[in-house]
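Q: I have a structure open here and would like to go through some of its side chains. Can we take it one topic at a time?

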Amino acid sequence: MKQFFKNRIKPLIDVHYLTNIALASSYFLLKNIPNLCEFIFDSCLLEWREVEILMLLVISVAVKTRRASTWLQLVSTVCTFSKAANVILYWREGPIHVFSYCSLWFLHFVFLPQPVYKGPEKVQYFRSTNLEHEIKRDDRITWLVCFYAPWSPPCKDFTPVFAEISNKFGGLNNLKFAKFDANLYPDIAKKFNISTSSFSKQLPTVLLFEKGVETKRRPFIDSNGKVFNYVMSYENIVKDFNLNKIYFECKNNPIFVKAVNENFNSQIEKKNS
């Protein structure tokens, strides 16, 4: 029960999610508050057309949420479709209703954006050409790199997932996790065949580098540039990148750099003396 509250309920206790849920359910809530309903609407009864819109919403959500990778992403997707349905319902009531609702939706989007993940992670952040240099600097190090864009909702949803993966499998000197802002450096992202356009289906993209060379990526793209749909969940990333095996191999074959550094320092001390 405590784990359920920590993973499912506690993250929702945030101004963004609480107001988002309120907006998503506002039409049906207002319809069921007697005095307020009579003040806002001409009728407090749900018409058959409104029930049909609700059924269409349920079907759309059921189809779309199959690709949700996290609980918060599921909530956000449900709220988005619900707000779209609310626009139709308020439009049926009149222009003032729909304008007021769309204004509230816009204000929520601008002033109460989705909160950024601030939890623990074992991730390095790279800029410009530092990424390419670091990947090829030591071919004994395996890298799992996430290309992302700060404005992308799927990237925001994937942030806690990637952080959890890094916390689980990170901490080794030969298995490292990194993130690269593809939006800030689109030319570098293009070298790795990652599109940063607003309509791109490649954000986020996770690449695995072994011995300085890319060996796997998700979502996968074919030779024609077609991007295959992929659910960026914890389970899928661990399974498809075979992280359990990679972690076991890296853990049993560590890189010994301490002795080299101590030898280097002793040589400097001898020269100084």
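Q: How many salt bridges does the structure hold?
A: The structure holds eight salt bridges. A salt bridge here is a side-chain nitrogen of Lys or Arg within 4 Å of a carboxyl oxygen of Asp or Glu. This is a predicted model, in which local features need pLDDT of at least 70 and side-chain atom pairs count only at pLDDT 80 or more, while totals for chains, interfaces and linings use all residues. Residues are numbered from 1 along each chain as its sequence is written, and side-chain values use heavy atoms, with hydrogens and water left out.

Q: Why can such side chains pair?
A: Side chains of opposite charge can pair when their charged atoms come close.

Q: OK, which residue forms a salt bridge with glutamate 93?
A: Lysine 31 does, and the closest N and O atoms are 3.7 Å apart. The pair links distant parts of the chain, 62 residues apart: glutamate 93 is in helix H6 and lysine 31 in helix H3 (residues 26-31). Helices are DSSP runs of H or I with at least four residues, strands are runs of E with at least two, and both are numbered from the N terminus.

Q: Is lysine 31 buried or exposed?
A: Lysine 31 is buried, because its relative accessible area is 6%. Glutamate 93 has 21%, so it is partly exposed. The cut-offs are under 20% for buried and over 50% for exposed, with partly exposed in between (1.4 Å probe, protein chains only).

Q: And what does arginine 92 meet in a salt bridge?
A: The side chain of glutamate 47, at 2.8 Å from N to O. Glutamate 47 lies in the loop between H4 and H5 and arginine 92 in helix H6, so this pair ties together parts 45 residues apart in sequence. Glutamate 47 is partly exposed at 43%, and arginine 92 is partly exposed at 35%.

Q: What about arginine 137, which residue is its partner?
A: Glutamate 134, with the closest N and O atoms 2.9 Å apart. Glutamate 134 counts as buried at 16%, whereas arginine 137 is partly exposed at 48%.

Q: Changing topic: how many aromatic pairs are there?
A: The structure holds 15. The pair of phenylalanine 41 and tyrosine 90 is stacked, because the ring centres are 6.4 Å apart and the planes are at 25 degrees. Rings of Phe, Tyr and Trp (its six-membered ring) pair if their centres lie within 6.5 Å; planes under 30 degrees apart are stacked, over 60 edge-to-face, and the rest tilted.

Q: Where do phenylalanine 41 and tyrosine 90 lie?
A: Phenylalanine 41 is in the loop between helix H4 (34-40) and helix H5 (48-64), and tyrosine 90 is in helix H6 (residues 71-93), so the pair ties together parts 49 residues apart in sequence. Both residues are buried. Ring pairs also link them with Tyr27, Phe28, Tyr101 and Trp105 into a cluster.

Q: What sits over the ring of phenylalanine 41?
A: The charged end of lysine 31, 4.8 Å from the ring's centre. A charge sits over a ring if NZ of Lys or CZ of Arg is within 6 Å of the ring centre and within 35 degrees of the ring normal. Likewise, the charged end of lysine 179 sits over the ring of tyrosine 148, 4.6 Å from its centre.
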